[in-house]
Amino acid sequence: MPAEDNDVHFEDGLTVALRRAGDGFAADDRDGLVAGGLVRGRRRVVRRRVGAVTGSVLALAVVGVGGAYATGTLGGGVEQASVAAAPPAVAANPMAPPVDQETLVAAFRRTLPPGGQLTDVVARGTGHPMGPMAHGVYDDGQGKAAVGVGFFQAPPGDKGFSTCPDKESVPYDACTAEDVPGGRLVIFQGYEYPDRREETKNWRATLLAKDGLVLDLSTWNAPAQKGAAVSRTDPPFAPAELKRIVTHTAWAPVLEALRAPAGTPSPGAPGSPAKPTKPDADSAARAAFNGAAVRPTLLSLLPKELSVSAKGGQDGYAYAVVDDGKGKSLIQVNAQPDMRDVEGELFPDGTYETLPDGTKVVVRQQPGEKGGEGVVMWTVDTIRPGGYRVVVSAFNTGAQHAPATRAEPAFSMDELKAIATSEKWLKLKK
């Protein structure tokens, strides 16, 4: 896959994680620096394209477990991703014994099924500023497989690590979410690149503890996350084995070393000290934007004669699958409150028409981007004076990765333009 495509997929999968991260940072604050980088990363996402929004678990599936986002892909050399895209690191607990990298690797080996060998191991202990992780190549005689485990703190209030991704937007074979003692467990069976299902599979188990600590295990059916030929039909651990590994008692010392001492408020919890942040125009705009209202606004603008078979979305994004009797059609919208700093890049001179109220409008008709056979994507991209952007896209299929179900989307370009320029979007700005 070309590097450009790698970057696109990486950014698409991170959309939710980027949106959910903090908006400001102080230069001497590591967590804030990560959050600030995520905001800039979010802007790169929306500059590049409007992609389907997924969940935090899938964002991890795209990034790779543990330190892969900071040190290169698992077993894949030096394909670098920005450290700003990493989930927030978790500070070590000064009241508990630290766990060095050798001890962490020993715990990892202890959790793995007997009979297999773990080689090419790279690890970090709980004292590392980027958080503990370990990854290597596992061989049970059925083919080498990249495996890795990482620990981090979920962003405050982020429940995405405890839910399965939206299958209408992202293809995967299976996913389950269940309550387990002390937290919530998601078992995900998907792909390294969801729109290229003939290639590397990625199966993972993500355990979200009640205090926000995340233990994430990921496996592939290739000796590297990227850049290696498939070496076996499936990753080495079935769902039951994935669950056994992440809930193993061998991880207790690692979790204890990361867990905040009793009585210490968790980040973002009531009573925890507020971190100083630099003022940021984007964060101020987002604070005045009702992203949760994007889905009901989209649904209210759909023609009444269409039947809606699926709907969903998250902050600032929504989708619906509709049918007019001629086949399913997906429509999606992104609403972004202040994109003035990239307006010139999004709407270069000569590419748009200007409406009487000053709104710039760009229309595009192009092939689909998720691999579905015969899929087309019709888009109306708008930006109002002040930078408020609304982008609406429709497809001639109910899911971008699935084959076309009709010749054209269920919406004409005029209908998409009417949806994108509706005055109802202005009500989302308080």
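Predicted model: local features only at pLDDT ≥ 70, side-chain atom pairs only at ≥ 80, totals over all residues.
Figure 1. Beyond its neighbours within four places in sequence, Phe108 is in contact with Leu118, Ala134, Val147, Gly148, Val149, Leu217 and Trp251. In soluble globular proteins, nonpolar side chains tend to be buried together.

**Figure 2. Strand β13 and its two antiparallel partners, β12 and β14**. Strand β13 spans residues 376–383; seven of its eight residues are buried, so the strand is largely enclosed by the rest of the structure. Eight bridges link β13 in the antiparallel sense to β12, residues 360–367. With β14, residues 389–395, β13 forms seven bridges, and these strands also run antiparallel. Trp378 of β13 stands opposite Gln365, while its bridge partner in β14 is Ala394.

**Figure 3. The hairpin of β13 and β14**. Five residues lie between the two strands of this hairpin. Gly386 adopts a positive phi near 100° here.

Figure 4. A polar atom of the Thr382 side chain lies 2.8 Å from the backbone oxygen of Val390. Leaving aside neighbours within four places in sequence, the contacts of Thr382 include Phe347, Thr359, Lys360 and Val361. Tyr388, Arg389 and Val390 are also in contact with Thr382, as are Ala420 and Thr421.

Definitions and conventions. Residues numbered from 1 in each chain as written. Heavy atoms only, no water. Buried < 20%, exposed > 50% of the residue type's maximum accessible area, 1.4 Å probe, protein only. Helix = DSSP H or I, 4+ residues; strand = E, 2+ residues; numbered from the N terminus. Pairing = 2+ DSSP bridges. Contact = heavy atoms within 4.5 Å. Polar contact = N/O pair within 3.5 Å; in protein donor to acceptor, adjacent residues only side chain to side chain.
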